[in-house]
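This report walks through one model.

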Amino acid sequence: MSANASAVQARGLVKRFGDLRAVDGIDLDVPRGMIFAILGPNGAGKTTLMRMLATLLHPDDGSASVMGHDLATAPDQVRAEIAMTGQFASLDEDLTGRENLVMLAKLWGFRGAAARDRADQLLATFDLADAATKQVKDYSGGMRRRLDIAASLIVTPGVLFLDEPTTGLDPVARKSVWSMIRQLAGSGVTILLTTQYMDEADQLAARIAVIDHGKKIAEGTPRELKVATGSGFLHVAVADPARLDEAAALLENHLGGSVQRSVEGARLAVVAKTPHDANAALGAVIDAGIELSDFSMGSPSLDEVFFALTGKGKP
Amino acid sequence: MNGLTQVARPPAPSALSNALVFGWRAVLKFKHVPEQLFDLVMTPIMFTLLFTFVFGGALAGSPRDYLQIFLPGILVQTVIFNSVYSGMGLSGDLGKGLFDRFRSLPIWSLAPFAGLMVGDVLRHLIAGAIILTIGLLLGYRPEAGLLGVLASFAMLLTVGFGMGWIFIVLGLLIRTPMTVMTLGFSFLFPLVFASNIMVDPKTMPSWLRAFVDVNPVSTMTTALRGLMAGTATWEQIGSALIAPAIITALLAPVTIWLYRRQ
């Protein structure tokens with residue numbers, strides 16, 4: 001496979017901060033035109049990985065290329081191909097939305113009227129025309145994020161890096177950012193995004209890399225990840241939270257896997273290989289006199305996939 | 001949705017064009033943050049009036065006579081104090097992640113600093129013009145005339161350029177603008193007050209006088225007085241420029257290294 005087939009290719013990337021190996025040997029292959037999600041909890045190394053790929057941090061080890069340009073030897077060519085929307089709005093708060101875009105358009109080489117036209121086009125597209133002459137510090141979180149993404153699209157990048165694009169947004173703003181990301185991907189832009197929301201990765205990405213403690217612990221399509229964790233998940237809600245441990249022990253006995261529990265709602269989830277196994281385990285719980293308020297059999301949510309992969313959330 | 005479709009890329013702009021964009025940003029900042037202008041205008045007015053009328057009689061016989069000595073000094077002081085601003089601005093920009101975007105753009109990597117310089121020059125010119133105007137109204141007379149004033153301002157801009165590096169380096173190291181200011185002033189106050197700006201060093205204890213004599217702020221002030229009066233010697237001008245030259249030679253490479261390091 002030639003390097004050109006990948007939008008982003010990384011081999012053994014390492015970044016240390018003192019004793020901490022924030023990114024600890026990550027390989028990545030992001031095909032062109034794909035939405036690719038890097039999923040992980042806070043502190044997993046997502047942002048550090050992305051900052052290295054965006055030429056903002058030098059890797060301590062390993063190598064990477066973006067759109068066929070090597071990070072180490074051709075950072076300027078990489079910069080010409082990428083745009084990055086960071087976790088915190090990378091905008092000038094004192095300037096208006098329009099001035100921010102005009103400034104960036106001029107930095108890309110648009111002159112005078114062309115820069116203003118490009119800014120106005122983006123403001124219209126991102127539904128910000130009415131707020132064009134307001135200072136960014138008066139923008140809401142959702143408007144800020146839209147402007148931040150617009151600022152990454154002055155020229156259409158080969159790869160767009162989005163670092164936690166919807167963190168801190170309300171559900172409506174979140175949906176609108178999602179639809180924007182889908183439209184962008186539709187126009188051929190490769191999108192590499194980080195997220196700590198399982199549903200976000202599930203909704204948007206064609207492929208997901210799960211990282212934890214600087215290492216990639218799994219990669220695949222959302223479906224593959226779910227299958228790898230176990231085809232069926234038995235979800236059980238216990239009516240009396242005091243008997244949660246007892247129910248968990250019974251399920252574990254019958255099904256063998258480790259039971260994941262969520263405190264709110266006294267819910268348990270466990271892999272059940274067949275409905276027959278699930279039925280037997282449920283029977284044992286009911287026979288023990290533990291009342292269930294709800295149960296269901298289904299494919300695991302990405303939350304459950306993640307917990308199963310990282311081992312977090314076990315009793 | 002034409003904002004999302006491919007647009008033809010313009011040809012890559014020159015380094016100068018990049019730098020001018022950052023200069024334009026500095027000008028916009030003046031428009032949008034008038035508070036900064038207020039600070040810039042009020043502080044020198046207050047200093048000039050208070051020192052002239054409170055200390056003038058006691059120190060030089062009359063406010064008018066004091067102004068003749070003090071005015072070049074307050075110009076130096078103002079330029080030095082104002083050189084803190086670009087470091088503060090830089091610190092704020094870095095803290096907000098704005099520079100991450102600039103650094104991931106294919107632009108001349110030092111262009112953002114050129115923008116800071118433009119902001120600095122504007123600040124120095126505005127504050128300098130205000131102080132000079134007040135001085136002229138109160139009876140200050142630069143004996144070397146317009147030429148002397150122009151030469152003085154050229155020297156002030158050079159001094160400001162040199163001092164600015166100190167705060168740009170601080171701004172790159174410290175992520176809170178207020179800390180940059182506090183650190184900056186705790187270093188600048190003794191430097192500015194233990195100089196010949198306000199008082200003739202002859203009245204000071206000998207250990208202090210020894211410091212005042214070698215303090216770069218004193219040599220800058222002496223040179224500026226000379227330029228305004230038309231009596232400056234090349235030696236005075238040269239020694240006033242030593243500190244800015246050394247600071248630039250040392251800290252400009254440090255700035256570039258710090259900026260590219262991460």
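Some terms need stating. Helices (H or I, at least four residues) and strands (E, at least two) are DSSP runs, numbered from the N terminus. Two residues are in contact if their C-beta atoms, placed from the backbone, lie within 7 Å.

The model is predicted: local features need pLDDT of at least 70, side-chain atom pairs count only at pLDDT 80 or more, and totals for chains, interfaces and linings use all residues. Residues are numbered from 1 along each chain as its sequence is written, while chains are lettered from A and ligands numbered from 1 in the order in which they are written.

Now the sheet itself. Strands pair if DSSP finds at least two bridges between them. E6(A) pairs with strand E7 (residues 159-163) of chain A in the parallel sense, over 4 bridges. Met84(A) has Phe161(A) in E7(A) as its bridge partner.

Two residues of chain A stand out by their backbone. Most residues other than glycine have a negative phi. Neither of the residues below is a glycine.

| Residue | Phi | Loop |
|---|---|---|
| Met67(A) | about 50° | between strand E4 (61-66) and strand E5 (69-70) of chain A |
| Glu164(A) | about 45° | between E7 and H6 of chain A |

Are they buried or exposed? A residue is buried if 20 or more other C-beta atoms, placed from the backbone, lie within 10 Å of its own, exposed if 12 or fewer, and partly exposed in between. Met67(A) is buried because it has 20 other C-beta atoms within 10 Å. Glu164(A) counts as buried because it has 21 C-beta neighbours inside 10 Å.

Step back to the whole chain. Chain A has 11 helices and 14 strands. Its C-alpha atoms fill a box of roughly 80 × 45 × 35 Å along the principal axes. Of its 315 residues, 51% are buried. Chain A is divided into domain 1 (3-94 + 135-226) and domain 2 (232-298). These bounds come from an automatic or database domain assignment. The centres of the two domains, taken over C-alpha atoms, are 37 Å apart.

How many residues of chain A are in contact with chain B? The count is 40, against 30 residues of chain B. H4(A) gives the largest share of the chain A side, 6 residues. That side divides into 22 nonpolar, 10 polar and 8 charged residues. Here Ala, Val, Leu, Ile, Met, Phe, Trp, Tyr, Cys and Pro count as nonpolar, Asp, Glu, Lys and Arg as charged, and the others, Gly among them, as polar.
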